[in-house]
Every structure is written in C-alpha cells, then in structure tokens.
Amino acid sequence: MNTFRERFPGLLPLCCSWVSGLWCVLAGPTAVAQRAPSTVLDSVQQLPNVRVPGVRLSRFAVGSRDLTLDSTALAPYRSGTLTDALSARTPLYLRNYGPGQLSTITMRGTSAQHTAVLWNGFNIMLPTLGQNDFALLPVSGNSRIDVQPGPAAGLYGSGAVGGTILLSSPVQWGAGLRGAVQVEGGSFGLRAGNLEGSFSNEKLALRTSIFYRQTQNNFFYHSPEIGGVVRRRQENASLWQASIAQDLILRVGQRGEVTAALWLTDADRHLQPAIGAANSNAQQRDQSRRLTAGYRLVGTQHEWAVRGAWFEDVLDYRDDANGLSASRVQTTQAQAEHTWNFTSSASVRVGAEAQHFAARVDGYGPTPLTEQRYAGYGLLRYDPWPRLQLSLNVRQAVLPGHRVPLTPTAGLQWQLLETERQTLQLKGNASRSYRAPTLNDRYWRPGGNPDLLPEVGLGYEAGLVHTLTNPPAHLNWQTELTAYQQLVDNWVQWTPLATGIWSPRNLRQVRARGVEASTQFTWKPGAYRLLARVAYNFTQSEKVSGTVYDTDPTNRQLPYVPLHTAAFSTDHHWRQWEASSTLTFTGFRYTNASGSDFLPSYFLLNTTLGRTLLLHPGWKLTALVQAYNLTNSNYQSYQNRAMPPRYAAASLRLAWR
Amino acid sequence: MKPFFAFSSAPVRVLLGSAAALSLVACDPDSDPDPNQAITPTKTVFVVNEGNFMNSNAEISSFSKTTASVSPNLFSTVNNRPLGDVAQSMAVQDSTGYIVVNNSNKLEVVNLRTFRSLATINNLKLPRYFAAASATKGYVTETISYSGAPGQVSVIDLKTNTVTKSIAVGVEPEQLLVVGNRLYVVNGGANTVTVINTTTDVVEGTITVGDSPNSLVLDRNNKLWVLSGGNVVYNANYTAIDYTKTTKGSLSSIVPGQLTATTRELATNLAQPGRLTTNGAKDRLYYTFQGGVYSLGVNDANLPTTPIIKRSLYGLGIDPQDNTIYGGVSNGFNGAGKVIRYRNSGAPIDSFDVRVGPNSFLFY
C-alpha cells in the first residue's frame with residue numbers, strides 16, 4: 001500500500017497543521033488559496049453587529065426546483081462519493097460502470113455533458129470530456145450539495161442544460177473549534193477514514209476535511225458461462241481515493257470578506273472489465289487540484305466581488321493493449337461582478353467571466369493547446385409584490401469560432417395561497433441554455449471537429465409547491481410537482497465518418513419532457529424525529545429530428561434514460577439512536593439508440609443503524625452500521641458491468657463539539 | 001384545530017398517483033422472444049454482429065432464406081448467456097461453428113444445427129480470425145498487442161478444443177486461409193503474408209504484398225488473392241490523413257507454392273479497400289472501397305472503376321448458392337445494425353434489422 005505522502009507529495013505540511021491541533025497560517029501558494037463567495041449562501045445571520053449579507057446567487061434562481069442535501073443529509077455518506085449520496089437520496093439516475101467506477105449523471109433526459117457541476121461558483125467539469133465523473137467527487141469535500149434540475153445557463157453558464165449541481169460549504173460563524181475523526185471498514189476490503197476540523201469566530205472561519213478510502217471491490221457476481229452461471233469474484237476493480245479540502249473566510253473590516261478554498265482529489269482505480277470481456281488490466285489515475293480565491297465588498301446598496309480559480313485535472317489511462325494515454329488540463333478562471341440593490345425588492349447583478357484552458361493531451365498531439373471562453377451576464381431580481389417574485393437572467397457567452405445565442409432565463413414565483421398553516425406557490429420559468437463543445441470534441445486527433453456549433457436548449461417548466469405546517473402536531477409537509485419540456489438542438493454525437501474515423505457532429509434535436517413529484521414529511525413529536533421523503537421522476541427523452549448523417553431512429557427513448565425513477569427515504573432519530581433507510585427504483589433503460597436491448601428495472605434498499613454515546617462533555621462517539629442492497633438484487637447500471645450483492649460497512653466517529 | 005388530513009388530499013393524490021404510475025407503467029418492455037426457427041443447412045445465413053467494445057453485447061443473428069425470418073439474438077437465446085465482447089468473425093468446419101470473440105480472448109464453439117455451445121476456448125490473445133485445416137486441426141490469428149510487436153497463430157486441437165502450439169507471425173495478423181497443406185496469414189500491421197506448413201506447423205516463408213493486407217480468398221483456378229488496405233499515414237499534427245504519404249490499397253495474386261506475388265494498385269489512396277470475397281463459382285472478386293462495393297472477374301486485366309453498389313457497407317458477404325450480396329450497415333454502432341440484400345447486379349432486394357455492427361456473414 002502506498003503511503004499518504006506518496007499520494008500527496010508536497011502537501012503534507014498542509015494537513016499536518018490540523019493534525020497537530022494548530023491552525024497554522026498556510027504558507028506558500030496555498031496561503032492564497034481562497035474560497036470564493038459561495039454560490040449558495042453566506043450565513044451571516046449570527047453576527048451581533050449589523051452586517052449586510054451579500055446577495056446569494058440562488059436569489060436569482062426564481063421559479064426553479066431545488067433540492068438541498070445539507071451536512072445532516074450527507075452525514076451517512078461521509079466516506080462516499082456524490083454518486084452514493086445522489087443515487088440513494090434522489091431519483092436521479094447515475095450510470096455507473098461498477099462500484100466506485102466511472103459514474104455519470106443524466107438530468108431531465110439529457111446526457112452527462114448537460115449537467116453543470118459548480119464548486120463555489122466555478123464550473124469543475126473536466127474540460128476534455130465536458131462532464132464529471134461523480135465517483136471522483138468525495139462527499140467530504142463540501143458540506144452542502146444543491147441540485148437544481150432544468151436549464152439555467154443564464155445563471156450557471158455552459159452545460160447547465162439538464163440541470164446543475166452546486167457544491168459549497170456554508171459557514172456557521174462563531175461556532176468555535178470543532179473536530180471529528182471517523183474510521184470505517186466494510187465488505188470487499190473497504191477501509192476508509194475521515195478527519196474534519198473547523199474553527200470560526202466572528203471574523204475568521206476555517207474548515208479542513210481529509211478523506212481516504214480504499215476497497216478491493218472483489219465482490220461476487222454471476223457470470224453466465226458455458227457450463228451455467230458461475231459465481232466469480234470481480235477482478236481488476238480495486239481502487240483508492242483521497243481528498244483534502246481547506247476553506248478559509250476572513251472578514252476584513254465591516255464590509256469586506258476574503259475567501260479562499262483548496263480542494264485536492266486523487267483516485268487510482270483499476271477499471272472493472274465488462275462481464276465476459278477480457279481483463280486488459282486497465283487502470284486510471286485521476287487527480288484534480290482546485291484553488292479559488294476571492295474578495296467581496298458588501299455595502300447597503302452596492303456589492304462588488306472578484307474571484308479567481310485555478311484547476312488542474314490529470315487523467316492518465318493505461319491498459320495492456322494500448323499502453324498509456326495521458327492528459328493534463330489547466331483551467332484558469334476569473335469572475336468580476338457588481339450587484340446593485342435598488343430597494344429591498346429589486347437587485348441587479350452584472351458580471352463577466354473569462355476561462356482559459358491549457359491542455360496537454362496525448363490525443364491532441366505533441367504541442368500544448370489553449371482555448372479561451374468569455375461570458376458576460378446580467379441578473380435581475382424583482383419582487384413587485386411580496387407574494388410575487390420575478391427574475392430575468394441573461395448571459396452572452398463568447399466561444400472561439402462560433403457565436404452563442406443570448407441565453408436568457410425568466411422565472412416567476414407566485415404565492416397563490418398563504419394561510420397560517422399552509423402555502424401554495426406557483427413556480428415557473430423559461431430558459432435558453434447552451435453547451436460549449438468540449439476540448440475533445442474540438443481537438444481530438446483524428447476526428448476532432450473545430451466547426452462544431454454549441455448545443456442550444458430551449459426549456460420551460462411550471463410547478464406547484466404546497467407546504468403544510470402544524471406546529472401543535474410538530475408536523476411539516478412539503479409537496480412539489482413540476483412539469484417541464486426542453487428541446488435541445490445541435491445535439492453532438494460521435495459517429496464514424498466515411499473514412500472510418502470517428503468524429504463529433506451536430507446531428508440532431510432532442511426533446512425531453514417529464515414530471516417530477518416529491519413530498520417531504522417531517523414529524524418531531526418529542527424524543528422521536530422523523531423525516532420521510534418520496535420523489536418520483538417521469539422522464540421522456542427522444543430524438544425528434546436529425547441530419548442525414550444521423551441513423552438513429554426518432555421517437556425512441558434515448559439510451560440510459562430511465563422513464564421512471566423513484567426514491568423513498570426515511571430518517572429516524574430517537575434519543576441516542578438513529579436509523580435510516582433509502583429505497584430507490586430505477587426503471588428499465590435501453591442500452592442503445594434503437595431500443596433493441598434494455599437493462600431491467602431494479603429496486604435498491606439500503607439501511608443504516610447508529611447509536612451516539614456522549615462520553616465527556618463535548619465528546620461524542622457514534623457507531624454506525626450500514627447495509628447496502630439488502631434485498632440482494634442482481635442488477636446492472638451499465639450494460640454488463642457487475643454491481644455488488646448485499647454488503648455492509650461499519651464506522652466509528654469521534655466528534656468534539 | 002383543523003384536521004390535518006383535510007389538507008393532505010392533494011399531496012396524497014400526488015403520492016398515490018406516482019405509486020400507481022410506478023406499478024402500472026413501469027413494467028419493462030417485453031423481450032421479443034426470437035422465433036424458434038430451425039437452422040437448415042444451405043438455407044441459413046449467420047450474421048456476425050460485432051457489438052460495442054467493452055459492452056459484451058456481441059451477437060450472432062440468423063436469417064432463413066426460405067422463410068425470411070430473422071433470429072436477431074440467436075446465440076443468447078439458445079445458450080442463455082451473452083456471446084461476449086466484440087465478435088470479430090465466424091468460421092465453419094463441417095457442422096461446427098467457431099466464433100472469434102476478440103475482446104473476450106476466446107473462441108466460442110457451437111453446433112451449427114442447434115447453435116448450442118459445444119466449448120469455449122479461453123485465454124487467447126486478442127484473437128481475430130479462425131480457419132480449420134481438417135476436422136481435428138484449426139488455426140486462429142492473434143494480435144497480442146497493438147504496440148507493433150509480432151502477433152501469432154495458435155494451433156487448436158479441434159477434438160479437445162485446446163491450444164497445442166503458437167507460431168509467431170507478422171504484426172497484427174488478420175485473415176488466414178488453408179490451401180492444401182499450407183496456411184496463408186496476412187499481416188495487417190505489415191506488408192506481408194506468412195506461409196505456414198500445416199503438416200509441421202513451421203513458417204516456411206513470407207510473401208511481400210501491398211501495405212496492410214486485410215483479407216484473402218482462393219479462386220477457381222486455385223490462385224490466392226490478397227487485398228491490402230494501404231498504409232494510412234496521418235500528418236504530423238495527427239489531425240488528418242496525409243495523402244502524400246498514405247499508400248494506395250492493392251490487390252495481389254499468389255500462386256500457391258510460390259513465395260512471390262503480383263500486385264496491382266487501386267486507383268486512389270483516398271479510401272482503403274477491404275472485405276475481399278468471392279462468388280459461388282469463385283470466378284469473381286468483390287470488395288468494399290470508396291463507400292461502395294466493387295467487383296471484378298479473376299481474369300480481368302483491369303481493376304473496376306465503378307462500383308456495383310453505392311453504399312458504405314461495414315460487412316460484405318456473397319451467398320455461394322445464388323450470388324446474392326449481403327451488406328451489413330453499422331448505423332454508427334449506436335443501435336441495431338441492418339442487413340441489406342442485393343441482387344448480384346447490385347440492385348437492392350430487401351433488408352432486415354440485426355444487432356450492433358454486422359461485420360460479416362456465414363452461409364451455412
């Protein structure tokens with residue numbers, strides 16, 4: 001086994017500072033690794049002196065659906081990845097090539113490249129592939145995940161076509177020093193550990209989170225062979241991964257705020273071969289280094305912010321037949337914006353951003369390659385009456401070679417009913433979205449197509465939100481129903497040309513439409529607390545027209561987009577006990593464009609049982625047992641990639657305050 | 001206090017509606033059971049569907065020439081298991097079929113009358129094509145790796161279905177053909193044909209042909225024809241094919257026993273010819289080139305200049321009984337491929353859907 005130092009050469013001084021219990025001032029380049037103002041919220045409510053809170057980006061996301069997984073909801077997944085949390089807690093379908101293996105998302109019937117993932121306001125999609133592998137994003141790196149389905153390129157930029165995932169770590173000011181250490185062990189050689197620490201007073205907030213996980217993944221699966229079904233152990237699927245996250249917010253004077261954040265992730269995975277395919281000992285190393293820094297000045301009417309980010313993404317693939325294929329991309333981003341709060345009911349934000357990509361990718365040839373993208377945006381939030389909220393966001397992106405149409409989003413929220421105990425709200429928005437061609441789409445040799453047009457989506461959604469509170473009965477019930485439709489044009493697909501070379505082209509128009517229904521119920525009658533959530537998605541996504549080069553049939557559900565998905569979760573707390581269960585349903589998915597083959601639908605049931613002991617004042621010890629795939633379902637998320645049978649993990653967590 | 005449940009009707013309805021939708025609508029589609037058709041010698045065409053790399057969705061389809069019925073998932077329907085990852089080719093010896101499953105590193109041996117599995121020969125190294133020399137002896141070409149190192153031909157005992165010997169040949173060996181007591185192997189990563197004595201299983205010589213040979217056939221005059229794709233060279237930036245350095249495809253003929261070839265170059269290097277095949281009388285050759293199918297007589301002085309079919313075909317086969325041309329259409333490997341049947345003149349007859357990437361045909 002590699003040592004920690006081997007995996008993070010040069011980074012040990014950073015983490016030892018916490019380990020020794022001292023918040024050393026971070027020296028060197030990491031000292032300016034500053035956390036940008038969060039896209040989501042800045043919790044300044046607890047300041048005794050009056051401080052004007054900054055305007056959150058979500059204030060301009062009027063009329064959209066939003067699901068938040070906060071630190072409580074994420075607690076069972078501390079040693080997992082976004083794949084684990086999202087696929088257990090939401091009806092989102094993540095196409096998974098095996099446990100811990102490549103895992104990509106589909107939101108609202110679109111492809112993996114149509115979900116933007118933003119970390120502290122910056123897009124962290126891998127620029128080469130234009131998508132994120134959610135198995136490479138450990139939950140521990142951030143304390144909050146927001147899922148906003150639907151097009152919102154006006155707010156979030158390229159790729160926010162099917163939806164957006166926002167990662168952030170909101171601060172609780174004045175919370176003092178806290179820390180926790182967690183160890184976990186489980187089936188198939190799972191060993192994991194977390195170390196977390198945070199400190200905040202009224203001026204400074206710091207958070208460190210270190211995570212490590214390794215697994216052999218040598219689970220049993222059923223392999224149909226000539227003599228019948230053989231029980232085999234999965235081979236070539238072991239992996240380790242690690243993450244270090246460090247956030248810093250420093251208040252400067254009464255109005256200023258310096259933010260910095262660092263997030264390093266590293267994963268070394270053997271790639272699980274398909275059932276029946278030869279094991280070519282494929283292995284992939286993914287490393288991402290992410291730094292942001294920003295400064296914000298908040299006045300009563302005006303707010304200025306500048307922030308920068310520097311990312312480096314390394315993806316090295318190798319196998320026996322092809323040897324090594326290496327890629328390294330550095331992304332530098334800068335954003336500047338000004339917000340003007342005319343009145344308490346009207347805000348305008350104007351801003352600009354620039355992105356610079358520098359790629360050294362074996363597939364692009366020997367010389368490094370650069371690309372610049374720019375965008376300007378204007379966001380308006382206006383509440384003409386307390387019950388009516390409106391927003392209008394526009395973004396104009398500038399991409400090399402091709403003009404992108406203006407991408408506006410108009411949103412509306414209208415409180416139709418508001419009584420003491422219940423509210424009914426109408427939500428709606430219309431949005432044009434875009435996706436810039438990826439670096440691979442443009443520069444891969446041979447086949448890269450520099451003439452690709454950006455994909456453009458035009459979507460609408462409308463929904464109702466009903467809330468019911470009954471304080472005497474300690475009940476809270478929120479139900480939301482949304483219907484949407486979106487047309488995505490210039491949809492890019494790689495197909496073989498007449499020369500036999502595979503090349504991406506703008507081939508088709510895809511129409512995605514569906515219904516999302518969810519209801520969340522909380523009940524706190526006393527020592528017992530219950531949180532139950534049911535969510536169901538109906539997603540219909542079909543090619544409606546295509547060019548002459550597009551041989552895929554029309555009006556057939558796109559591959560790997562399930563028509564039906566559902567998630568049902570319950571969380572119970574009673575005195576020192578906690579228990580939870582998640583049950584998800586994934587409907588059948590076609591595995592190809594003609595719909596001639598499909599993977600059957602499946603249910604997955606996971607449960608958790610835990611107990612917390614109060615040791616000393618301030619010290620808590622939590623023991624947690626987690627069981628996965630309790631019904632021992634034999635299922636596949638991606639064609640012929642084995643998934644594990646029933647398995648379990650147990651963890652111990654010692655937390656101080 | 002208002003009764004709590006008075007307000008819950010809307011959410012409950014949503015909930016129940018969703019549950020109902022889930023239970024009623026969420027049924028999986030019916031897997032179309034393949035027609036339980038009999039496989040009749042001389043009346044059945046097998047289609048090799050390559051499948052998608054690393055999806056283990058290779059499949060053999062069968063087409064009945066008498067009823068025109070298609071069994072798209074023949075192998076998995078009969079054997080209740082997937083065939084494997086990337087079916088490269090299929091060959092026959094008596095009534096036994098040998099399916100070369102490239103990225104599963106195996107040969108699947110089936111009884112062609114029932115399509116039931118007889119054996120799996122594992123642990124090959126990226127196998128490509130199979131040919132039998134007799135009822136007891138077969139050969140399979142293996143790439144081993146794409147690093148430029150030589151490939152090999154493995155000798156298979158067809159009684160025990162085991163590898164008895166491996167013979168080093170050229171880089172990326174592709175199709176192979178037994179003529180008398182010689183085995184001819186085209187080396188796709190070079191410009192050579194390796195000749196192996198099938199009595200001793202020793203290499204007896206190497207014949208130089210055009211660059212990147214991919215296929216070979218024997219004609220009625222017992223002459224060997226080797227089709228070479230030509231060496232495709234990319235420009236320094238690897239953004240496009242450099243046609244000043246790319247060599248033309250070529251057609252070579254070899255008289256068995258001799259270690260020399262007569263080679264004719266094709267008209268242009270803008271495309272790479274492939275899929276050389278013959279008609280039933282073995283007096284005509286067919287190959288794919290420049291988005292079409294070209295044909296020539298074995299005694300023709302000149303290579304053909306116009307195609308008989310103007311369509312880019314991924315797979316090509318000629319029914320030896322009636323010379324019907326079978327073309328495989330890959331549809332971008334994104335879903336079901338298609339087989340188009342043509343009269344020998346090139347006029348289309350009909351078509352049927354198969355599985356992903358139909359690359360070749362076996363007329364049984």
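Reply: Let's start in chain B, where strand E2 (residues 59–64) pairs with E3(B) in the antiparallel sense, over two bridges. Strands here are DSSP runs of at least two residues (helices, H or I, need at least four), numbered from the N terminus, and two strands pair if DSSP finds at least two bridges between them.

Residues are numbered from 1 along each chain as its sequence is written, with chains lettered from A and ligands numbered from 1 in the order in which they are written.

Back to our pair: it belongs to an open, antiparallel sheet of four strands in chain B, ordered E3-E2-E1-E27. Strand E3 (70–71) and strand E27 (358–363) of chain B each have a single partner strand, so one side of each is left without a neighbour in the sheet.

Chain A has its own E2 and E3. There, strand E2 (residues 93–96) and E3(A) run antiparallel, joined by four bridges, and A:Leu94 stands opposite A:Ile105. The two strands form a hairpin with six residues between them, and A:Gly98 in the turn has a positive phi of about 130°. As for strand E3 (residues 103–106) of chain A, both its faces are covered: A:Ser103 and A:Ile105 are buried on one side, A:Thr104 and A:Thr106 on the other. Buried means that 20 or more other C-beta atoms, placed from the backbone, lie within 10 Å of a residue's own; exposed means 12 or fewer, and partly exposed is in between.

Finally, the two chains touch: 51 residues from chain A and 48 residues from chain B take part in the contact, where two residues count if their C-beta atoms, placed from the backbone, lie within 7 Å. On chain A's side, the largest share, six residues, comes from E24(A).

How far can you trust chain A? Its average pLDDT, the predictor's confidence in each residue from 0 to 100, is 91, and 92% of the residues score at least 70. Residues 1–48 of chain A, though, stay under 50. Where pLDDT is low, the predicted coordinates should not be read in detail.

Notes. Predicted model: local features only at pLDDT ≥ 70, side-chain atom pairs only at ≥ 80, totals over all residues.
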